[in-house]
Amino acid sequence: MLPTSATPKVAIAVLNYNGWRNTLECLESLKKLDYPDHQMIVIDNKSTDDSSVQITTWLKQNWPQAHFIQSPNNRGYAAGNNQGIRWALGQGFDYIWILNDDTVAQPDTLNRLVAKAQAEPTAGLVGAMQYYY
């Protein structure tokens, strides 16, 4: 998919399963991204703890424009992410960044990913390497 503007719209999909503490730490880092046009999607993969409550409470207080998806069942990692991907595609995003919930991103990470994607328009995907957690 080719970007529709000079600043492509990016959806960031983070899947949670019984790991709300990691997810909130990840979201805190994503709030510091310096990329101007991104939307957060959090998918809860039918957690059996209080992840949904913890995450939705945090989102309402800190990132109210984020989109939260509560999965009706847990069919695994790929199926959970696919829910976020389907939502993002339906909203017309140019790129989708699938990010593990135990990741802490540096503020310039998304800028670098988008720059690489734009420099390599025939690439099917670009990714980042995690150095330290």
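Colleague: Is Asn45 buried or exposed?
Modeller: In this predicted model, Asn45 lies in the loop between β2 (38-44) and α2 (51-62). Buried means under 20% relative accessible area. Asn45 has a relative accessible area of 3%, and therefore counts as buried.

Colleague: Which side chain forms a polar contact with that of Asn45?
Modeller: Beyond its neighbours within four places in sequence, Asn45 is in contact with several residues, including Tyr17, Ser71, Asn73, Asn74 and Gln83. A polar contact of 3.1 Å links the side chain of Asn45 to the side chain of Asn74.

Colleague: How many salt bridges does the structure hold?
Modeller: Arg112 forms one with Asp108, and Lys116 forms one with Glu120. The number of salt bridges in the structure is two.

Colleague: How far apart are the closest N and O atoms of Lys116 and Glu120?
Modeller: A salt bridge requires a side-chain nitrogen of Lys or Arg within 4 Å of a carboxyl oxygen of Asp or Glu. Lys116 and Glu120 form such a pair, and their closest N and O atoms are separated by 3.9 Å.

Colleague: Is Arg112 buried or exposed?
Modeller: Arg112 pairs with Asp108 in a salt bridge whose closest N and O atoms are 2.7 Å apart. Asp108, at a relative accessible area of 27%, is partly exposed. The cut-off for exposed is over 50%. Arg112 has 58% relative accessibility, so Arg112 is exposed.

Definitions and conventions: Residues numbered from 1 in each chain as written. Predicted model: local features only at pLDDT ≥ 70, side-chain atom pairs only at ≥ 80, totals over all residues. Heavy atoms only, no water. Helix = DSSP H or I, 4+ residues; strand = E, 2+ residues; numbered from the N terminus. Buried < 20%, exposed > 50% of the residue type's maximum accessible area, 1.4 Å probe, protein only. Polar contact = N/O pair within 3.5 Å; in protein donor to acceptor, adjacent residues only side chain to side chain. Contact = heavy atoms within 4.5 Å.
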